[in-house]
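Biologist: Could you walk me through this model step by step, as I am new to reading structures?

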Amino acid sequence: MADNKNYMRKNWWKIACIVLLAYTFIAGLLIQVPNLPLLGQTSRNLFFHVSMWMVMMTLFTVSVINSIRYLRTFNLRYDIYARQYATVGIIFGLLGYATGSIWMSYTWADPNNPLFKSFSALAREPKLIGAAIALLIYFAYLVLRDSVSDMDKRARISAVYNIFAYAMLFPAIWIMPRLLPSLHPGQEGNPALVLKDVNEQMRMVELPAFLGWTLLGVWITTLKIRLTILKERKLAQ
């Protein structure tokens, strides 16, 4: 009985993650959403597409914090944390990019134009370009790490670059796309984060979705961190 209590106490957030994501999928597909022009029922993608970006930003933030902690302490454990949080952040960034691309192909593409012409217009969307630049910067972070063999030198260079990558994240995703003409909603604010952007029913799903997906990202990262530490311990033996 005591073991069960200890397990529940240590893993309550994992249970909460499963419950929140189950609620997101069920309620997200069943609740009534406003039947807006162009969007229609595709607005349900809000619970998935926007959540991916939220998780990405959260994981990148935790990653850069651990890079700063490494530069202050030179504890290689923080370098492992920074690497794995950045890696999983990239995965969620790719999911956000993919869900956004699919969503806009159903809402922004011109049905009167051939597919390749519509795609060429959509490919010039500033939000997509900015997101692609941000992800490429973080891909370069992983490539940089793999190009340095010395462990301490790799950790120091990666930590400094991670701070640079995080600084570039905001101009690429939040600032530059808003200075250019865009079809993307929320040019003058944060789409889906302003109360007037969604109704009350959607808000009841949106916030649990953000939290559930974030917990999933942290869960995946903790598993990758454990595997990395085990591998390094075996190599050190």
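Biologist: Before that, what kind of model is it, and how are residues numbered?

Modeller: This is a predicted model, in which local features need pLDDT of at least 70 and side-chain atom pairs count only at pLDDT 80 or more, while totals for chains, interfaces and linings use all residues. Residues are numbered from 1 along each chain as its sequence is written, and side-chain values use heavy atoms, with hydrogens and water left out.

Biologist: How many helices and strands does the chain have?

Modeller: The chain has eight helices and zero strands, where helices (H or I, at least four residues) and strands (E, at least two) are DSSP runs numbered from the N terminus.

Biologist: And what share of the residues is buried?

Modeller: Buried residues make up 42% of the 237 residues in the chain; buried means under 20% relative accessible area, exposed means over 50%, and partly exposed lies in between, with a 1.4 Å probe and protein chains only.

Biologist: Let's take α2, then; what span should it have?

Modeller: At 1.5 Å a residue, the 19 residues of α2 should span 27 Å, and its end C-alpha atoms are 27 Å apart, which agrees. The expected span is 1.5 Å times one less than the number of residues in the helix. Among the buried residues of α2 are W13, C17, L20 and L21.

Biologist: Which pair does F25 form?

Modeller: The structure holds ten aromatic pairs. F25 and W213 form one that is edge-to-face, with 5.9 Å centre to centre and 65° between the planes. The pair links distant parts of the chain, since F25 sits in helix α2 (residues 12–30) and W213 in helix α8, 188 residues apart. Rings of Phe, Tyr and Trp (its six-membered ring) pair if their centres lie within 6.5 Å, and planes under 30 degrees apart count as stacked, over 60 as edge-to-face and the rest as tilted.

Biologist: Are those two residues buried or partly exposed?

Modeller: F25 counts as partly exposed, because its relative accessibility is 38%, whereas W213 counts as buried at 11%. Ring pairs also link F25, F48 and W213 into a cluster.

Biologist: What about Y78 and Y81, how far apart are they along the helix?

Modeller: Y78 and Y81 are three residues apart in helix α4, so they are separated by about one helical turn. Their rings form an edge-to-face pair, 6.2 Å centre to centre with 70° between the planes, and Y78 is buried, with a relative accessible area of 17%.

Biologist: Now the core: which residues touch the most other members?

Modeller: Of the 27 residues in the largest nonpolar core, these are I31, L46, F47, L59, F92, M202 and W213. α2, α3, α4 and α8 each supply at least two residues of this core, and α8 gives the most, with eight residues. A nonpolar core is a set of buried Ala, Val, Leu, Ile, Met, Phe, Trp, Tyr and Cys residues joined through side-chain atoms within 4.5 Å.

Biologist: Where does A209 lie?

Modeller: A209 lies in helix α8 and counts as buried because its relative accessibility is 0%. A209 and M52 are 157 residues apart in sequence but 9.7 Å apart in space, C-alpha to C-alpha.

Biologist: Last one: which residues lie nearest the centre of the second largest pocket?

Modeller: That pocket is lined by 15 residues, of which R83, Q84, R145, T228 and E232 lie nearest its centre. α8 gives the most to the lining, with six residues. On a 1 Å grid over the protein atoms alone, a pocket is an open set of points where a 1.4 Å probe fits, with protein on both sides within 12 Å along at least five of seven lines, and lining residues have an atom within 4 Å of a point.
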